[in-house]
Amino acid sequence: MDSLQNLGLGFSVALQPAKLLYCFLGTLVGTLIGVLPGIGPTATIAMLLPLTFTLDPTAALIMMAGIYYGAQYGGSTTAILINLPGESSSAVTALDGYQMARQGRAGPALATAALGSFFAGTVATLVVAVAAPPLSTVALKFGPPEYFSLMVLGLVASVVIASGSVAKALAMVVLGILLGLVGTDRYTATPRFTMGFFELADGIEIISIAVGMFGLTEIMRNLQNETTRDVMVTRVTGLMPSRDDLRAIVAPVLRGTVIGSALGILPGGGAVLSSFAAYMVEKKISKTPERFGKGAIEGVAAPESANNAAAQTSFIPMLTLGLPINAVSALMIGAMIMQGIVPGPNIVVEQPTLFWGVIVSMWIGNLMLVLLNLPLVGIWVKLLSVPYYVLFPAIMAFSTIGVFSVNSNSFDLYSISVFGLLGYLLIKLGCEPVPLLLGFVLGPMLEDQLRRSMILSRGSAAIFVDRPISLTFLIIALVVFCMGVIPSIRQKREEVFSEAD
Amino acid sequence: MRVNWKDTATGGIFILIGIWFIFEGYGLERGTLSRMGPGFFSPVLSAILILLGAFIALRSLGVEPDPIGPVSWRAVLFTCAAPIVFGATITGLGLAPALVLTVFCAALASRRMTLARAAAVSVSLAAFCIALFSYGLGLPMPLIGPWLAG
């Protein structure tokens, strides 16, 4: 069978010592930042992005993916032990997980989260392996109009799912696309919007935007209200869940995995959304819904499985279509472009070792996470006592060295400060930076596909509605957009976000 | 009249950026619909940005103001200054002094930072980074630059 052969190829890549090392490093860093509140996976990957350029592309993507799903994992540890979700996707886990810890059942709660996540990660990896090749085969038949409409759909979805005002998110996407157009025009070699800086001839570096808007901004945000953390850690005794516990979590883990795998593919914050959805479903179908919020083990099992599954399947659109659906995958696409790989459906065919190596490494990474987290949980919690005033200068030092090492160019460092300032200003005004990043990454491709489509159709915009697949994408985009602006749905969305914060 | 000046400002910023992109892209060749030039897509986007900005600004009129939350100017100043310090000193002073200065500057962003603490953090972090990047990863950056080598 083909998929078995492919997975075999993946294993042969992912089990190379160097790849195992980067996978381990990624999950380790991911767990670390997942445990530490105040540093998220997006900021970390943004800050480490320049350093990944020295690696080969497969190792770079393996490590970045490891940081992302490792963070989902580490976030649940602090959610359970000290009621402090390290990541927003584990906010629901804290509801019942912390109650379990207070009842002296921290061990089973941690084990449930770990085993549920591992099971979900395994299934989701298989889903990626099975779903990705046919999807990319379909996508290979896409012409420029289909791509253009697909990207429009992706951007619209990111706008609808971003928190806050739809108009602001839309404006951020447009601004992102405009920033993406800075640099030399590929067709005519005309410099655009470079203000005479020769450093901008190749366009704005994605690292400047990533490190500035996600790294520096995050630090400024955290420093605006510094508080001392009082860490009251419950002692963890007896990790293994009882037989009754195991029986109770089988169904929630399965349901969580299905919900997470499905929602993870949707653009936007798949992991956050799916953990909430999984929790709500469990509470709805439970015979004893009053137990939820008071230490119900199902309330830990389902969302933890869901967010891990979603973290995994959120790589499907990126790997098969070259379409980033959240900040992390946008950064990974940026890394691919800088490494000279053209993201898109061709990756499966042209870079099979990269594609399957990354997928299999996700499963290996999940296994590492179980081994890394359960026995060492005490060490991770101790890390919470590292003060933020040591942590953030270290991150700054790493990222400035990293940025300079890419081009040996001081201009890149100055642009980080500019984008950091702009990003902070916009966040203070209620504009999330994620849609801007997606627009920035997709901007040049969007313009390119638009121009090609118009050449194909000899100047008629009707080509986007005449071709059935393109029309379908546009209709879905319209429906998604309308759903985003209908007041009742918006209200529900705000509730989910306010709970997540 | 009540005005949510935060949104008024947001809209204004988007309008200004849109105008800047139209102005900057004025001389670019527009081309035709079937052969779009480099100056076709950007004015369209700029116009959309200006319209969205106007919509956001108009919507802010007659609405309760919305607080922007706490801002630490100290954090903004020092966090944004740190990469500039590194960029300005790395080629001249070399990696070691540039790192000490950069980390020192970054560390001052925290309100809970004292000068002694910042000095300790910057020297030890610089030593760690040099061990990791120069010796560990073999990054080709001179530790001491021409300004100091004399």
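Me: Which helix is A:Ile476 in?
Reply: A:Ile476 sits in helix α22 of chain A, residues 468-485. Helices here are DSSP runs of H or I with at least four residues, numbered from the N terminus. Bear in mind that this is a predicted model, where local features need pLDDT of at least 70, side-chain atom pairs count only at pLDDT 80 or more, and totals for chains, interfaces and linings use all residues. Residues are numbered from 1 along each chain as its sequence is written, and chains are lettered from A in the order in which they are written.

Me: OK, and why does A:Ile476 count as partly exposed?
Reply: Because A:Ile476 has 16 C-beta neighbours inside 10 Å.

Me: How far is its C-alpha from that of A:Ser149?
Reply: 9.9 Å, with A:Ile476 and A:Ser149 327 residues apart along the chain.

Me: Switching to the chains: how many residues of A are in contact with B?
Reply: 52 residues of chain A, against 56 of chain B. Contact means C-beta atoms, placed from the backbone, within 7 Å.

Me: Which element of chain A gives the most to that side?
Reply: α18(A), with 11 residues. Elements giving two or more include α8 (166-181) and α20 (434-456) of chain A.

Me: And by class?
Reply: The side of chain A touching chain B has 33 nonpolar, 11 polar and eight charged residues. Nonpolar covers Ala, Val, Leu, Ile, Met, Phe, Trp, Tyr, Cys and Pro; charged is Asp, Glu, Lys and Arg; the others, Gly among them, are polar.

How values were computed: Two residues are in contact if their C-beta atoms, placed from the backbone, lie within 7 Å. A residue is buried if 20 or more other C-beta atoms lie within 10 Å of its own, exposed if 12 or fewer, and partly exposed in between; C-beta atoms are placed from the backbone.
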